[in-house]
Amino acid sequence: MRCWKTVVGLAIACLVSLAVPTAQALGPSGDAAGDEVAGLVERGRQTYLTHCGACHGVEGKGDGSVADYLTVKPPDLAGISARAEGDFPFDEIYDVVDGREVAGHGTRAMPVWGAAFKGLDPDADKRAIKEKVVEVVYYLKSIQPALPMTHPKMGGKQE
Ligand code: HEC
């Protein structure tokens with residue numbers, strides 16, 4: 001009887017050790033769409049740390065080094081999805097960050113990044129500016145605890 005228990009125990013241990021690498025192989029890191037998104041997110045992270053962290057904080061919590069000096073407090077950018085009930089309104093966030101479409105509506109405490117990126121790089125064409133904004137929005141999407149990276153909308157397997 002003892003012997004059987006050992007055999008069953010070994011078989012289970014063996015199955016468990018096999019299951020771990022299999023689960024990793026099926027994860028989002030291996031597929032091309034996932035890798036492309038990871039590249040966008042990383043470039044967006046660099047832009048974020050250079051241009052956004054001072055106000056919104058390194059982790060997007062709205063606690064950047066200059067936040068205390070602002071009249072309008074920067075919102076918690078890691079809480080976008082939680083506020084949108086688990087969704088991530090990509091186009092809306094894109095428009096807020098770019099700002100050139102919405103800038104006409106009264107004063108705005110948030111810089112108009114579409115114009116700022118153009119100012120920093122006057123040679124950049126429309127597509128390059130759009131890409132820079134898209135990258136940073138992807139980065140924001142990646143820091144939503146309510147929306148994991150394995151979500152189909154994040155470049156994981158589509159249904
Ligand atoms: C000068 C400080 C400052 C900087 C720098 C800044 N923001 Fe903001 N941001 C704000 C403030 C203040 C708000 C609140 C909205 C308002 O009244 O304009 C805001 C709002 C936002 C919102 C809307 C969030 C929501 O839930 O509605 C997003 C998205 C955002 N910022 C992204 C960014 C990104 C991306 C960058 C860098 C490219 C950036 N911000 C840089 C101050 C800043």
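Which elements are included in what covers the buried residues of α7? The chain is a predicted model, in which local features need pLDDT of at least 70, side-chain atom pairs count only at pLDDT 80 or more, and totals for chains, interfaces and linings use all residues. Residues are numbered from 1 along each chain as its sequence is written.

The chain holds seven helices and zero strands, helices being DSSP runs of H or I with at least four residues and strands runs of E with at least two, numbered from the N terminus. Buried residues, those with 20 or more other C-beta atoms (placed from the backbone) within 10 Å of their own, make up 21% of the 159 residues in the chain. Of the contacts with a separation of 6 or more, 48% come from residues 24 or more positions apart, a contact being a pair of residues whose C-beta atoms, placed from the backbone, lie within 7 Å.

Helix α7 has 17 residues and reaches 24 Å from its first C-alpha to its last, close to the 24 Å expected at 1.5 Å a residue, where the expected span is 1.5 Å times one less than the number of residues. Its buried residues include I129, V133, V137 and L140, and what covers the buried residues of α7 includes α2, α4, α5 and α6 (113-120).

Two packed helices are described by the angle between their axes and the distance between the axes. The axes of α2 (residues 32-51) and α7 (residues 126-142) come within 7 Å and cross at roughly 100°, the axes being lines fitted to C-alpha atoms over the stretch in contact and the angles running from 0 to 180 degrees between N-to-C directions. The two helices α2 and α7 are therefore roughly perpendicular to each other, a term that applies to angles of 65 to 115 degrees. Among the residues that meet are V37, L40 and V41 in α2 and V134, V136 and Y139 in α7.

Helix α4 (residues 80-83) contains I80, which counts as buried because I80 has 23 C-beta neighbours inside 10 Å. Leaving aside neighbours within four places in sequence, I80 is in contact with F88, I93, L140 and Q144. I80 and L147, 67 residues apart in sequence, are 9.8 Å apart in space, C-alpha to C-alpha.

Around the ligand there are 20 residues, of which C52, C55, P74, A109 and M110 come nearest; a residue is near a molecule if its C-beta atom, placed from the backbone, lies within 6 Å of it. The elements that give two or more residues to this shell are α3 (53-56) and α5 (90-98).

Note on methods
Buried ≥ 20, exposed ≤ 12 C-beta atoms within 10 Å, placed from the backbone. Contact = placed C-beta atoms within 7 Å. Parallel < 35°, antiparallel > 145°, perpendicular 65-115°, else oblique.
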